[in-house]
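I opened this notebook to record what I looked up, one item at a time.

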Amino acid sequence: MWSSVLPALEQVTALLAPPALRALVPPVPAFTFIIGLDDGLVTCRAFVSYGDARLGLYDPRRVGQPPRDLAAEYHAQDVVECYFQGVAGDLHFDESDDELLYRLLADGLHDLGEGGEVLLSECLRAIEVRDSPQVRVHATVKSGLLDVAVDSAGMSASDLAAYLASYKRRQRYVRLSSGDIVRIGDNLRTVDSLAEGLKVDVTELAGGVDGLPDGLALFVDGLLKKAEGVRLDRSAGFRAIVREFETFSDADIEMPPSLADVLRPYQVGEVPVRACGPSVSMASPARSISLPATPRPRRQEAFRGWAAELRRRAECPLPTSPSRRPRPSGDGSWGSCGA
């Protein structure tokens, strides 16, 4: 107890401790963390030194040991256990756990180094930790067909396929063939949406998908034009399709006079233009076609004649026998109500 209380009291008071009590105060501890790879396990051996005496960080207190700074040791144990699993000082985790290994190499070495000396084995030192890379999509239109391929700087096609597949498995990190670990970024959500819209598997995009309908160029352009972390490279043919569509959407289209007597009342007015195919977010808002409200005299005249005929039928009494049913005349009108 006095090993931690006495130094704190001396900092805020003019306490004069007797020599016997001061002998219980330990020297400043020095921590050492040896991290290596052993039979598929990433291990950590932690030590604390007081002068020339070196003890295991998890060794119990025994008679004959030098005074120990338990508060500093408990804090060091908490930091170690943030990155390693195990009990009673047996600290390790499986080498195949990419997430724990990424956390150790990205953050753990720094945190442990703030409290002591970190000795890392050569095999772990050779592993590079990377942040999520930028993904580039190549879209090419040639001979009426669309080709789409995805690549990323510093990744081979096989590594990129593994990187894309890891997102489908909801992983947060992936190990490349070189042993490096890469964090999976949010930009893969856009790539996954691209594969879903093209009706292909996301891993197929790493090798390139050929022979798609060129009408999908509008979907690809609308999805990727403003996507973060994804760069879109468009060929001249691809840009021509998008440019023609944008020119058409900006045009003022008038209704042909021949449709004035054909369209129904709910079709006259503002009719929004809707694009077919996958749901896309276009750069320009949807245009509308203004249709003039023109009268339809022929249809209205026919309706009035039909309504008058119904009223005349309603005035006829019900027939008492089949022979007295009204019969239509030769000109299409109904005969008299009599026999």
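The covered face holds Leu146, Val148, Val150 and Ser152. The uncovered face holds Leu145, Asp147, Ala149 and Asp151. I took helices (H or I, at least four residues) and strands (E, at least two) as DSSP runs, numbered from the N terminus.

A note on the source. This is a predicted model, where local features need pLDDT of at least 70 and side-chain atom pairs count only at pLDDT 80 or more, while totals for chains, interfaces and linings use all residues. Residues are numbered from 1 along each chain as its sequence is written, and side-chain values use heavy atoms, with hydrogens and water left out.

Next I looked up the partners of β8. Two strands pair if DSSP finds at least two bridges between them. Strand β7 (residues 135–142) runs antiparallel to β8 (residues 145–152), and eight bridges join them. Val137 has Val150 in β8 as its bridge partner. Lys142 stands opposite Leu145 in β8. The two strands form a hairpin with two residues between them. In that turn, Ser143 has a positive phi of about 55°. β8 also pairs with β11, in the antiparallel sense, over three bridges. There, Val148 has Val209 in β11 as its bridge partner.

Then I took the whole sheet. It is open, with four strands in the order β11-β8-β7-β12 and mixed pairing. β11 (209–213) and β12 (230–234) each have a single partner strand, so one side of each is left without a neighbour in the sheet. From one strand to the next, the twist averages 25°. Helix α7 packs on this sheet and touches β7, β8, β11 and β12. Contact means heavy atoms within 4.5 Å. The direction of α7 makes about 25° with that of β7.

How do α6 and α7 pack? I found α6 (residues 157–168) and α7 (residues 187–198) at an angle of about 90°, with axes 10 Å apart. Axes are lines fitted to C-alpha atoms, for helices over the stretch in contact, and angles run from 0 to 180 degrees between N-to-C directions. The pair is therefore roughly perpendicular (65 to 115 degrees). From α6, the contact uses Tyr163, Leu164, Tyr167 and Lys168. From α7, it uses Asn187, Leu188, Arg189, Val191 and Asp192.

Last, I checked another open sheet, ordered β6-β10-β9 with mixed pairing. β6 (129–130) and β9 (173–175) are its edge strands. Helix α4 (residues 98–115) lies across β6, β9 and β10, at about 95° to β9.

Definitions and conventions:
Angles under 35 degrees count as roughly parallel, over 145 as roughly antiparallel, 65 to 115 as roughly perpendicular and the rest as oblique. Buried means under 20% relative accessible area, exposed over 50%, partly exposed in between (1.4 Å probe, protein chains only).
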